[in-house]
Amino acid sequence: MTSTDSAQTPAKAPAKDPWDLPDVSGYVVGVLGGTGPQGKGLAHRLARAGQKVIIGSRAAERARAAAQELGHGVEGADNAETARRSDIVIVAVPWEGHGDTLKALRDELAGKLVVDCVNPLGFDKKGAYALKPEEGSAAEQAAALLPDSRVAAAFHHLSAVLLQDPGTERIDTDVMVLGEERADVEIVQALAGRIPGMRGVFAGRLRNAHQVESLVANLISVNRRYKAHAGLRVTDV
Ligand SMILES: NC(=O)c1ccc[n+]([C@@H]2O[C@H](COP(=O)([O-])OP(=O)(O)OC[C@H]3O[C@@H](n4cnc5c(N)ncnc54)[C@H](OP(=O)(O)O)[C@@H]3O)[C@@H](O)[C@H]2O)c1
């Protein structure tokens, strides 16, 4: 290449290191439905890692009681106040209450990064099975109901038992993170990475959230057979 060529063709920026993740330590994390095992477990892990966490509930009193139990500076509030005061809002309510909860909080969640970890599942005598939401997945339902929020999906495959167990120091697992905007996905990857043993891995756009949510039915089968709290590792990355 001549010097003239290089003047005409701008040098290509070096590819960004996918593991170069932002510092998320200053963000306030809210957890809707944070009084349940999953929300409380995530709140416990994140607060223990130094994150400011607010637990949400339909009843502020229940949230405050759960927060007090957790310590580590965790606060409790009703779901609306939790959403308003947080930068990142994790949705940890049951699938049955997912749509109505988000619809009611559309204003409070505007401009926030909403992280859905809801797994739409059914249970019968054969065990757990995946439900197919009309929108494709819980995460896509969230995106449809919250046009003014940035929606990502993550934390589907974690064991609430391990999350809540104060004696468990590390949880060795990957967290699949899905979303439309790279910057948002990286924030959630970094958040997952604050928990010792965990790594957030980009796993596609929200249109691929259904498989990730559904895989929990398989993990429940694994856990029942092997009396385990199974997690996932994505190899070769
Ligand atoms: N458990 C796990 O191991 C696990 C793992 C990964 C993902 N998840 C997902 O995380 C979500 C929460 O799981 P969980 O086991 O913690 O569930 P949960 O205990 O059934 O519910 C969590 C909290 O949501 C609130 N809630 C209950 N019904 C509601 C409704 N109809 N509308 C709005 N809020 C309601 C309750 O808090 P208040 O009464 O205080 O409002 C409850 O404590 C689920 O969608 C699940 O798929 C769970």
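Biologist: Which handedness does the crossing have where H5 passes H6?
Modeller: This is a predicted model, in which local features need pLDDT of at least 70 and side-chain atom pairs count only at pLDDT 80 or more, while totals for chains, interfaces and linings use all residues. Residues are numbered from 1 along each chain as its sequence is written, and side-chain values use heavy atoms, with hydrogens and water left out. A crossing is left-handed if the near helix is turned anticlockwise from the far one by less than a right angle, and right-handed if clockwise. The crossing in which H5 passes H6 is right-handed.

Biologist: Happy with that! How are H5 and H6 oriented to each other?
Modeller: Helices (H or I, at least four residues) and strands (E, at least two) are DSSP runs, numbered from the N terminus, while axes are lines fitted to C-alpha atoms, for helices over the stretch in contact, and angles run from 0 to 180 degrees between N-to-C directions. Under 35 degrees counts as roughly parallel, over 145 as roughly antiparallel, 65 to 115 as roughly perpendicular and the rest as oblique. H5 (residues 95–104) packs against H6 at an angle of about 15°, with the axes 9 Å apart. H5 and H6 are therefore roughly parallel.

Biologist: Which residues of H6 make the contact with H5?
Modeller: From H5 come Trp95, His98, Gly99, Leu102 and Lys103, where contact means heavy atoms within 4.5 Å. Their partners in H6 are Ala138, Gln141, Ala142 and Leu145.

Biologist: And how many residues in the contact of H5 with H6 are nonpolar?
Modeller: Ala, Val, Leu, Ile, Met, Phe, Trp, Tyr, Cys and Pro count as nonpolar, Asp, Glu, Lys and Arg as charged, and the others, Gly among them, as polar. The contact of H5 with H6 has three polar and one charged, and its nonpolar residues number five.

Biologist: Which elements do the buried residues of H5 pack against?
Modeller: Buried means under 20% relative accessible area, exposed over 50% and partly exposed in between (1.4 Å probe, protein chains only). In H5 the buried residues are Trp95, His98, Gly99, Thr101 and Leu102. They pack against strand E1 (28–32), strand E4 (88–91), E5 and H6.

Biologist: How far is a polar atom of the Gln141 side chain from the backbone nitrogen of Gly99?
Modeller: Gln141 sits in H6 (residues 138–145) and is buried, with a relative accessible area of 11%. Beyond four places in sequence, Gln141 touches Trp95, His98, Gly99 and Glu135. The side-chain polar atom and the Gly99 nitrogen are separated by 3.4 Å.

Biologist: On to H2. What is its orientation to H3?
Modeller: H2 and H3 (residues 60–70) have axes 10 Å apart and pack at an angle of about 40°. H2 passes H3 in a right-handed crossing. The two helices are therefore oblique.

Biologist: Which residues of H3 does H2 meet?
Modeller: Lys40, in H2 (residues 37–48), counts as buried at 13% relative accessibility. Lys40 joins Ala43 and His44 on the H2 side, and on the H3 side are Ala66, Glu69 and Leu70.

Biologist: How many charged residues does the contact of H2 with H3 have?
Modeller: Three residues of the contact of H2 with H3 are nonpolar and one is polar. The charged ones number two.

Biologist: How far apart in space are Leu113 and Ser149, C-alpha to C-alpha?
Modeller: Leu113 belongs to strand E5 (residues 113–116) and is buried, with a relative accessible area of 1%. Its contacts beyond four places in sequence include Arg150 and Ala152. Leu113 and Ser149 are 36 residues apart in sequence, and the distance in space is 6.2 Å.

Biologist: What is the phi of Phe155 near?
Modeller: Most residues other than glycine have a negative phi. Phe155, in the loop between strand E8 (150–153) and helix H7 (160–164), counts as buried at 1% relative accessibility. Its phi is positive, near 70°.

Biologist: And what is the phi of His72 near?
Modeller: His72 lies in the loop between H3 and strand E3 (75–78). Here too phi is positive in a residue other than glycine, with a value near 50°.

Biologist: Last one: which residues does Val93 contact, leaving aside neighbours within four places in sequence?
Modeller: Val93 is placed in the loop between E4 and H5. Val93 is buried, with a relative accessible area of 11%. The residues in contact with Val93 are Leu32, Gly33, His98, Thr101 and Val118.

Terms used:
Polar contact = N/O pair within 3.5 Å; in protein donor to acceptor, adjacent residues only side chain to side chain.
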